[in-house]
Amino acid sequence: MKSIYWFRNDLRLNDNLSLNIALQESDEILFVYVHDIENEKNCSWGFKKMSEHRKLFLSQGLQDLKKELNKFGHSLNEYIEDSVNILNMLVKKYQINSIFCESILAVDELKKVKVLKDMNINVNQIWQSSLYIQEQLPFSLEELPDVFSNFRKLIEIKGIKPNKPKKITKEIFNINSITDNQSIILKVNSTNYKKSSFPISNQEFRGGEKSGVSYLIDYFETDKPKIYKETRNQLMGQNFSTKFSPWLAMGYISARQIFFYLKKYEDKVIKNESTYWIFFELLWRDYFRFSMIKNREKIFYITDLNSSQKNINHDDNKFKLWTEGKTQNNFINAGMNELKQTGFLSNRMRQIVASYLVNDLACDWRAGAAWFESQLIDYDIYSNLGNWLYISGFGADPRGGRYFNIEKQKKTYDPNSTYQDFWH
Ligand SMILES: Cc1cc2nc3c(=O)[nH]c(=O)nc-3n(C[C@H](O)[C@H](O)[C@H](O)COP(=O)(O)OP(=O)(O)OC[C@H]3O[C@@H](n4cnc5c(N)ncnc54)[C@H](O)[C@@H]3O)c2cc1C
């Protein structure tokens with residue numbers, strides 16, 4: 001059988017379940033990555049969907065993936081195109097029987113796969129981006145609790161264990177692969193990220209499976225995991241939280257791999273509230289994934305997920321000043337400057353600037369989510385929308401949104417204005 005393996009947010013060879021299936025079921029594979037031209041267009045809020053920061057982190061990872069595939073005698077074929085058009089063209093050109101890919105269960109991504117299927121193209125999508133797969137959940141997705149802690153308790157009471165990460169299957173050695181002469185290489189110029197908490201211009205923080213896995217191993221060889229809970233709310237530097245999210249978002253590493261190293265650390269070094277909290281945060285990540293699968297396009301409605309009407313008083317000028325770090329609040333401006341200059345922001349700062357936009361400026365959360373999508377190097381559709389819905393009160397949580405008092409947050413997390421002055 002001749003297949004295309006369509007890499008999406010799973011840019012790794014190991015613990016890639018859908019890639020393993022493709023390798024086992026095919027005789028010949030065309031390995032493909034598409035830079036969708038959608039990302040070059042402006043979104044409905046008037047700015048590019050993908051910043052240079054994410055492009056750089058992505059291009060680093062694609063170089064790495066290419067090298068890894070080359071070691072097995074294969075090539076990665078890269079295109080800047082409309083995903084559907086190029087895949088359709090390649091299916092015809094190489095008489096492909098099937099496309100294999102990881103499944104992304106978000107509205108636009110599902111639409112693309114539907115169009116391919118409507119063209120009579122066989123698309124095999126395999127879900128793999130969470131810690132737990134749907135079949136392991138002790139309830140159906142329709143019964144997914146509206147509140148995170150109920151979801152967490154149900155998982156914990158049953159003691160469900162995530163599946164062990166899998167190595168790349170040995171078929172990678174035997175498979176024939178196709179090199180397409182129309183494939184391109186996306187070149188992105190690197191700038192200096194010295195000030196960033198996630199400096200992608202440093203070797204250690206480069207995009208790719210190789211640096212992601214080596215960062216993961218190194219992280220669990222330090223003392224950072226045992227003080228994670230006490231430090232995770234800090235705002236600056238490389239040491240305050242795990243920094244796994246950019247690698248996870250591109251699929252350079254998987255949540256199961258993190259869990260595997262976390263357990264090893266707990267067995268060999270220490271198991272405490274901090275190590276538990278890393279697992280706890282990965283559960284949040286899963287919760288937002290399953291919540292999106294349950295709610296699909298309802299997420300973008302003007303009502304909340306329980307169909308209650310909400311007031312939005314969006315002011316485009318206020319929104320623009322927020323994106324540019326030119327609001328009347330210098331603490332918020334510092335956060336927005338950091339985001340724009342580096343593509344990264346601590347979780348605490350994300351919560352603070354998001355709350356300011358929706359609660360203090362009364363702007364539309366969807367505009368904020370679009371700006372985060374454009375800027376973040378760890379942009380992940382499920383976590384981004386899930387967190388925005390949670391803070392704005394547009395999610396299913398019956399307790400409503402979360403209001404962060406900016407002055408109080410500043411006093412607690414930046415009492416000496418170190419952060420504010422750094423990103424002024
Ligand atoms: C408004 C808003 C938007 C966000 N958008 C994104 C996004 O696009 N992509 C993204 O990966 N995260 C997003 N987050 C969640 C969180 O801020 C980041 O995952 C975290 O800051 C990444 O840093 P870390 O890996 O050091 O996290 P750590 O604190 O070390 O956490 C470990 C891992 O747990 C997961 N995690 C932690 N907090 C959350 C959370 N609140 N929601 C979901 N998963 C979490 C992440 O995978 C993270 O890598 C957003 C949060 C907010 C408030």
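How far does a polar side-chain atom of Y228 lie from an oxygen atom of the ligand? The distance is 2.5 Å, which falls under the term polar contact, a pair of N or O atoms within 3.5 Å.

Please note that this is a predicted model, in which local features need pLDDT of at least 70, side-chain atom pairs count only at pLDDT 80 or more, and totals for chains, interfaces and linings use all residues. Residues are numbered from 1 along each chain as its sequence is written, and side-chain values use heavy atoms, with hydrogens and water left out.

Two further contacts deserve mention. A polar backbone atom of S245 is 3.0 Å from a ligand oxygen atom, and E281 places a polar side-chain atom 3.1 Å from a ligand nitrogen atom. Of the 810 Å² of accessible area that the ligand has on its own, the protein covers 98% (Shrake-Rupley method, 1.4 Å probe).

I turn to the surrounding shell. It holds 26 residues, the closest being Y228, S241, T242, K243 and N347; a residue counts if one of its heavy atoms lies within 4 Å of the ligand. By type, 12 are nonpolar, 8 polar and 6 charged, with Tyr counted as nonpolar and Gly as polar. Helix 15 gives the largest share, 5 residues; helices here are DSSP runs (H or I) of at least four residues.

Finally, the domains. Both domain 2 (130-164 + 208-300) and domain 3 (301-422) give residues to this shell, so the ligand lies between them; the bounds come from an automatic or database domain assignment.

Conventions: Polar contact = N/O pair within 3.5 Å; in protein donor to acceptor, adjacent residues only side chain to side chain. Helix = DSSP H or I, 4+ residues; strand = E, 2+ residues; numbered from the N terminus.
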